[in-house]
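Biologist: I've got a fold on screen and a handful of things I'd like to talk through. Could you walk me through the numbers?

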Amino acid sequence: MPASADTVVPPLKRLWRYASGYRKRIILASTWSFLNKAVDIAPPFLIGMAIDVVVNGSDSLLGQFGIEDQRSQIVVIAVLSGIIWGLESLFEYLLGVEWRNLAQSIQHDLRIDTYEHIQDLDLGFFEDRSTGDLMAVLNDDVNQLERFLDVGANEVIQLLTTVTLIGASFFIIAPSVAWLAFLPIPIILWGSLLFQKKIEPRYAKVREEAASINSQLSNNLGGMSTIKAFTAEDREVARIEEESRRYQAANQAAIKLSSAFTPLIRVAILFGFTAMLVWGGYLALEGSLNVGLYSVMVFLTQRLLWPLTRLGQTVDLYQRAMASTNRILDVLDTEPVILDGDDTLTADEGSGSIVFDSVTFSYEEGFPVLSDIDVEIEASNTTAFVGSTGSGKTTIIKLLLRFYDPDSGAISVGGRDIRKVTQQSLRDQIALVSQDVFLFHGTVAQNIAYGVASASTEDIEKAAMAAEAHDFILELPNGYDTIVGERGQKLSGGQRQRLSIARALLTDSPILILDEATSAVDNETEAAIQRSLARISHNRTTVVIAHRLSTIRNADRIYVVDAGQVVEFGTHDELLANRGPYAALWAVQTGEVAPTA
Ligand code: DUT
Ligand code: MG
């Protein structure tokens, strides 16, 4: 959630605060914009001077400066024009380069910062935000801001420059008619503010709908095989169509308003321009206004008011960018709930005991998933968790990795409360083979080496052998260099599982966690994996979650979890003798007659 204080801060201010490192460059770019506009206003004066020369001859302004000959005066004006146009082009170039590079830099940094920040947020955050939604922030919203900085920011500055400089010149050269040119400006400003206020929620809505269709699309592309298997293609097209329509409708609502804006402004401008033309013309005819000045005024009025017709588009671009800025900065302002401790957990401690001291936890308030869990795992022991599906076994592992913090109680590793150490040092001690195997797009070797970027080919093969993966890898089209596809979809379920075991073994962490690590392999492979694990787990703390009890019968201690509580624990033999839930489960799985409890 965004900090409440920040929701009321205008987005531009939030952006300015974020962009503190760029301020110098922003000021430089703004300077080029200003100078470009300042010389751009000069041509009307040159035209005025030319008319002045033709009409007034040696009485003209240039004549007063000592250039008597009218032809020479024209040449002077031509030279001045050349200089001014040259400068204008130069500043145009400089402002283009500066703003566009700035836009690129801010876009790049903002994207990386936001991604890095998202990565630091706890898993709880990702339960509420969909992947597609976050993709929309990282891509569309960041790009939207870039688009504004690319052209919009320059336009805003040039517009302000125009109004200020032309306004000042008007009041200097002909204060009596200057006010006419400014007549439409209050109307235009009022209209713009009103427009901005009205369009703001519409663009927020557009961004929302964009995020929504994004998340739907990423969902569907990820679930393509399920869509096909259930022949839901038509339904899904309809669903995407519906989302797309909503996006379209949101945009149409914004377009309706933003399109009406420019014509309205033009009417106001026409009014100001005509008033100046007529009133100034009368004054010139009466002789109370210099003809050269009159032409300068008419041209300037046009220069003043014409850019305002673009105000609509600029405000539009600005408002879209601000809607995006808000969404980006909301993510950036989201504070992680799980904070690092100050200390570092060492490998020595990491290989030590794991203790859960009356741990209670719920994903959602009021629905406890674990209640009062007490677990003691001795160093170098193998400990198993068994229990029905949904009983909370994986949740116990997530708490141990500090993906979530318990609501009450404490967890310690090697005698250290895991909240007192950094998350990185904690997770460095733990190798996890998770229930949902996730492989990255890349080669087999890259996936195995994921936790140890510096691993040698030899290490990788050793880990693969221990995970019973080496043989099948050699049979793949390109062996260790075979591309596994997105999420490893080019491999079988059992193959994926074995790769993830190899990946965990390669990290050589003191604590090894296997969550249903062999559920997708055949019995023979499982037995082989068991044997190599027995060797590997010899002097490390191993935690195994398994549904097939035969795989954990040799564990030093087995915890039976039911509905978020530990209902019994002991060795396999002790539990059988207990004749409790474990014994009943064992009976079901081995086909032995359930002993009477
Ligand atoms: N749960 C959530 N949110 C999550 C994950 C799980 O509410 O992000 C719920 C679902 C379930 C309970 O927590 O009711 C325990 O889930 P867990 O994954 O810990 O169950 P398990 O014992 O590992 O089940 P399985 O044997 O199916 O892996
Ligand atoms: Mg589980």
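Predicted model: local features only at pLDDT ≥ 70, side-chain atom pairs only at ≥ 80, totals over all residues.

Biologist: What volume does the second largest pocket have?

Modeller: A volume here is the space filled by probe spheres set on the grid points. For the second largest pocket that comes to about 790 Å³.

Biologist: And which helix gives the most to the lining of that second largest pocket?

Modeller: There are 27 lining residues, and those closest to the centre of the pocket are Leu12, Val156, Ile157, Leu160 and Tyr318. At least two lining residues each come from α2 (11-18), α6 (70-120), α8 (131-173), α10 (184-222) and α14 (311-333). The one that gives the most, with nine residues, is α8.

Biologist: Let's go to helix α22. How far apart are its end C-alpha atoms?

Modeller: Helix α22 covers residues 523-536, which makes 14 residues. At 1.5 Å a residue they should span 20 Å, and the model agrees, because the end C-alpha atoms are apart by 20 Å.

Biologist: Within what arc do the buried residues of α22 fall?

Modeller: The buried set is Thr525, Glu526, Ala528, Ile529, Ser532, Leu533 and Ile536. Looking down the axis of α22, these buried residues line one face of the helix, so the arc they fall within is 160°. That goes with a general point: an α-helix has 3.6 residues a turn, so residues three or four places apart point the same way. For the buried residues of α22, then, the arc is 160°.

Biologist: Which residues are exposed on the other side of α22?

Modeller: The buried residues of α22 pack against α19 (457-466), α21 (493-506) and β7 (511-515). Over on the other side of α22, the exposed residues are Asn523, Glu524, Arg531, Ala534 and Arg535.

Biologist: At the start of α22, which residue has a side-chain oxygen that reaches to the backbone nitrogen of Glu524?

Modeller: The contact sits at the start of α22, and the oxygen comes to within 3.0 Å of that nitrogen. The residue that supplies it is Asp522.

Biologist: Which elements give two or more residues to the lining of the largest cavity?

Modeller: There are two cavities of 30 Å³ or more, and the largest holds about 50 Å³ of space. Its lining is made of Leu514, Glu516, Ala517, Thr518, Gln530, Leu533, Val544, Ile545, Ala546 and Thr551. The elements that give two or more of the lining residues are α22 and β8 (541-545).

Biologist: How many of the 14 residues of α21 are buried?

Modeller: The buried residues of α21 pack against β6 (430-433), α18 (444-448), α19, α20 (470-475), β7 and α22. Among the buried ones are Gly494, Arg498, Ile501 and Leu506. Helix α21 is largely enclosed by the rest of the structure, because the buried count is 12 of the 14.

Biologist: What is the relative accessible area of Ser380?

Modeller: Ser380 lies in the loop between β2 (367-377) and β3 (382-387), with a positive phi near 65°. Ser380 is partly exposed, and its relative accessible area is 34%.

Terms used: Residues numbered from 1 in each chain as written. Chains lettered and ligands numbered in written order. Heavy atoms only, no water. Helix = DSSP H or I, 4+ residues; strand = E, 2+ residues; numbered from the N terminus. Expected span 1.5 Å × (residues − 1). Buried < 20%, exposed > 50% of the residue type's maximum accessible area, 1.4 Å probe, protein only. Arc of directions from axis to C-beta. Contact = heavy atoms within 4.5 Å. Polar contact = N/O pair within 3.5 Å; in protein donor to acceptor, adjacent residues only side chain to side chain. 1 Å grid on protein atoms, 1.4 Å probe; cavity = no way out; pocket = protein on both sides within 12 Å on 5 of 7 lines; lining within 4 Å.
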